[in-house]
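Here's a walk through one protein model, from its sheets to its ligand site and helices. Have the sequence and the 3D view open as you read.

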Amino acid sequence: MEKLSDRDKKHLWHPLTQHKVHSNMLAISKAKGAVLFDEDGKEYIDGISSWYTAMYGHCHPYILEKVGAQMQQLDQVVFSGFTHEPAVKLSEELIKILPENQEKLFFSDNGSTATEIGIKMALQYHFNKGEKRNVLLAFEEGFHGDTFGAMSVSGLSVYNGPFKDFFIEVERIPVPTMENIEGIVRQLQVRLEKNNVAGFIYEPLVQGAAAMKMHCAEGLGQILALLKEHNVLTIADEVMTGFGKTGKYFASDYIQTKPDIICLSKALTAGLVPMGLTTCTENVYNAFYSDDIAKGLFHGHTYTANPLACAAALAALELLKTDEIQGNIQNIIQWHNKFDDEIKSHPKVASTRQLGVIYALDLNVKMERYGNLRDKLFKHFMDNGVFLRPLGNTIYILAPFITTKSQMNRIYGTIKSAIEMV
Ligand SMILES: *Cc1c(COP(=O)(O)O)cnc(C)c1O
């Protein structure tokens, strides 16, 4: 039998890949807990939870059981004009843990659609109120997805060139630090007088795709408070930071001023099935609530609020709230702290940062985001049975909450040997 990685090449086109220079894709045949198994049976610890989704471990028996039961009951139904128990229950459960100003939930399929909908909500909110606001604000180096609205506000991709001419109008602000925040606030105060900014989209506290870059909660709070005063809708893209990774349910929980809109996906369904979610305040919702049909939000996806995805999300939420998972999160935070003490003054380590279970270190070497040295590091990790995806000179860990101490030590050990290697 021909290997999967060879058969793959005949018809498949992979995401974020230049196939001409890329080697074979690694075929994964199964996954369990924190471990991926390739087609030859080699094991890899999933140090990034398959892009921050499988936070409770792969193929978690409780989630499988709940989704299996839902499959026997109701698989899929149109969500325009219909509703169902899993969606209603999920809305009730999510409202309990979301920031207290969030009231309404709009489902979709993935992180990009979640942000796309957040952007559309912000633009239409002002349109419905008869105000002409056509500019969005976003952080430098933000990442919000790959659909058009999401691409427009993303400040990161060097690969968005072909589409630039078709983007929404976006202005960028630097992420806040203790040093620059005064300047940012001063400039914003002047800028906002034009009254044409509709919304501000941001990844709160941690910018995932920018290699887990972190910024200051206090500065972000000041920016949000100022934007609120000017009736600019704030859109927290918590697609990466949501559901416990930062040590709180949401990164927004660290900041006093709450966002008007929150975008969620990734760990929402624990890596089992895709789902996106955009939540908002009563005030946002009310701008669409009208006798005028055209003021509604005419956006929808076929699989909106798919019952199986809702069941997965409900099971994941139950797990997240358990003492066991909350305890695991605290353990990982301490293990990271200890690892950080060991390596932060290593001459080849330029800097380190941590929030919750998210840990990142920058190497003291110049590297391209997807260059040779980066590939060498990646190979070193994989050869040692650890799946990490270094970005430029940054190595980061975002392993599942259920990662054991010995698995985490394996990750740390492989990072230490990688540091010696560069
Ligand atoms: C992954 C991600 C997205 C995009 O989600 P997809 O499901 O890949 O479309 C958007 N925003 C943030 C912060 C992300 O991490």
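Helices (H or I, at least four residues) and strands (E, at least two) are DSSP runs, numbered from the N terminus. The model is predicted, with local features needing pLDDT of at least 70 and side-chain atom pairs counting only at pLDDT 80 or more, while totals for chains, interfaces and linings use all residues. Residues are numbered from 1 along each chain as its sequence is written, and side-chain values use heavy atoms, leaving out hydrogens and water.

Strand 15 runs parallel to strand 3 (residues 43-46), and two bridges link the pair. One place to look is Asp46, whose bridge partner in strand 15 is Phe387.

Another open sheet has three strands in the order 13-14-16, with antiparallel pairing. Strand 13 and strand 16 (394-397) each have a single partner strand, so one side of each is left without a neighbour in the sheet. From one strand to the next, the twist averages 15° (angles run from 0 to 180 degrees between N-to-C directions, and axes are lines fitted to C-alpha atoms, for helices over the stretch in contact).

| Strand pair | Bridges | A residue pair |
|---|---|---|
| Strand 13 (residues 349-355) and strand 14 (residues 358-363) | six bridges | Gln354 and Tyr359 |
| Strand 14 and strand 16 | four bridges | Tyr359 and Ile397 |

So what sits between strand 13 and strand 14? Their hairpin has two residues between the strands, and Gly356 takes a positive phi near 60° there. Helix 13 (residues 405-421) lies across strand 13, strand 14 and strand 16, running at about 175° to strand 16; contact here means heavy atoms within 4.5 Å.

Now for the ligand. The residues around it include Asn110, His144, Glu203, Asp237 and Lys266, where being near means that a residue has a heavy atom within 4 Å. By class, this shell has three nonpolar, five polar and three charged residues. In that count, Ala, Val, Leu, Ile, Met, Phe, Trp, Tyr, Cys and Pro are nonpolar, Asp, Glu, Lys and Arg are charged, and the others, Gly among them, are polar.

A backbone N or O atom of Gly111 lies 2.8 Å from an oxygen of the ligand, and a polar backbone atom of Phe143 is 3.5 Å from a ligand nitrogen. Taken alone the ligand exposes 380 Å², and the protein buries 82% of that (Shrake-Rupley areas with a 1.4 Å probe).

Last, a helix pair. The axes of helix 10 (residues 307-321) and helix 11 (residues 323-343) come within 4 Å and cross at roughly 65°. Leu319, Leu320 and Lys321 of helix 10 meet Asp323, Ile325, Gln326 and Ile329 of helix 11. By class, that contact has four nonpolar, one polar and two charged residues.

Definitions and conventions. Pairing = 2+ DSSP bridges. Polar contact = N/O pair within 3.5 Å; in protein donor to acceptor, adjacent residues only side chain to side chain.
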